[in-house]
Amino acid sequence: MNTITIRQVITIITIFPTLLLTGCLAGDESEAGFVGNRPPSQNSAPTISGNPQSAVMMGDSYSFTPTASDPDGDALTFSIVNLPVWATFDSSTGRVAGSPTLADIGLFTSIEIAVSDGTLKASLPPFSVEVSQVALGSATLSWTPPTQNEDGSPLTNLAGYKFYFGTSMGIYTNQVRVDNPGITSYVIDNLVPNTYFFVATAVNSAGVESSFTNETSKQVM
């Protein structure tokens, strides 16, 4: 079955090369290497990255784990500043998780996660998480209905569509099924502020599901 056509978002990432300068030291040498005044080995700082979810609805689960590494292979530990009262923190992974309640509605600001190799550290930019009682955001998806199966034969038994979405690229934690093959757009609502990534499939009357469409995204404010 052909895939559904949904706008594709392409992100271009520019990678800047790192220049490594090398040179020779004057002094005594041996076949095994320098034996004179050898410079001490340099410790490189760890790195940390990630895009924390900026909002969560009360009663829902919140979870964020940063990605961290150390060029020297040193053991890493994590720390946090301004951990929300409804969340827990794992110092071995940097994971923040919790399920806020009605009493936690509000904005939790200046949260900062850092990673250390015991000597040097790196931090994520400070971020905020808003706990909402009602989710008012929405995203409208539109597409061109498929007319052929994947083998090129006419599609005569289209039964509907499935929509998959989540807050991380390629990870779809939610899904919605629509059993109406005649529509060409659909609104997914009750979304808290965040960036969402969507894909869709077509489903025939036998329950056979097509491949995913290209991924598209929307920032819900």
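Strand β8 pairs with strand β9 (residues 96–98) in the antiparallel sense, over three bridges. Within this pairing, Phe89 has Val96 of β9 as its bridge partner. The model is predicted, with a mean pLDDT of 85 for the protein chain.

**The three-stranded sheet**
- β8 and β9 belong to an open sheet of three strands, ordered β5-β9-β8 with antiparallel pairing.
- The edges are taken by β5 (62–64) and β8 (87–89); each has a single partner strand, so one side of each is left without a neighbour in the sheet.
- From one strand to the next, the twist averages 20 degrees.

**Pairings of β10**
- Strand β10 (residues 106–116) pairs with strand β7 (residues 77–81) over five bridges, in the antiparallel sense; here Val81 stands opposite Glu112 of β10.
- β10 also pairs with strand β12 (residues 127–132) in the antiparallel sense, over four bridges, and Phe108 stands opposite Val129 of β12.
- Strand β11 (residues 121–123) runs antiparallel to β10 and is joined to it by three bridges; Val115 has Ala122 of β11 as its bridge partner.
- β10 and β11 form a hairpin with four residues between them, and Gly118 in the turn has a positive phi of about 100 degrees.
- In general, strands of a sheet pair through backbone hydrogen bonds, either parallel or antiparallel.

**Nonpolar cores**
- The largest nonpolar core has 19 residues, and those with the most contacts inside it are Phe163, Ile188, Leu191, Tyr196 and Phe198.
- At least two residues of this core come from each of β13 (137–142), β14 (158–166), β16 (185–191) and β17 (194–204).
- Another core, of 17 residues, lies apart from it and includes Ile48, Val56, Ile113 and Phe127.
- Leaving aside neighbours within four places in sequence, Phe198 is in contact with residues including Ala139, Leu141, Tyr164, Phe165, Ile188 and Leu191.
- In soluble globular proteins, nonpolar side chains tend to be buried together.

**Ser211**
- Ser211 is found in the loop between β17 and β18 (216–220).
- Its relative accessible area is 39%, so Ser211 is classed as partly exposed, a class that lies between the cut-offs of 20% and 50%.
- The side chain of Ser211 makes a polar contact with the side chain of Glu150 (3.5 Å).
- Ser211 and Ala200 are eleven residues apart in sequence, and their C-alpha atoms are 8.3 Å apart in space.

**Confidence**
- Of the residues in the protein chain, 82% reach a pLDDT of 70 or more.
- Over residues 1–35, pLDDT stays under 50, and the model has 50 contacts beyond four places in sequence for this stretch.
- Where pLDDT is low, the predicted coordinates should not be read in detail.

Technical notes
Residues numbered from 1 in each chain as written. Predicted model: local features only at pLDDT ≥ 70, side-chain atom pairs only at ≥ 80, totals over all residues. Heavy atoms only, no water. Core = buried A, V, L, I, M, F, W, Y, C linked by side-chain atoms within 4.5 Å. Buried < 20%, exposed > 50% of the residue type's maximum accessible area, 1.4 Å probe, protein only. Contact = heavy atoms within 4.5 Å. Pairing = 2+ DSSP bridges. Axes fitted to C-alpha atoms, helices over the stretch in contact; angles between N-to-C directions. Polar contact = N/O pair within 3.5 Å; in protein donor to acceptor, adjacent residues only side chain to side chain. pLDDT = per-residue confidence, 0-100.
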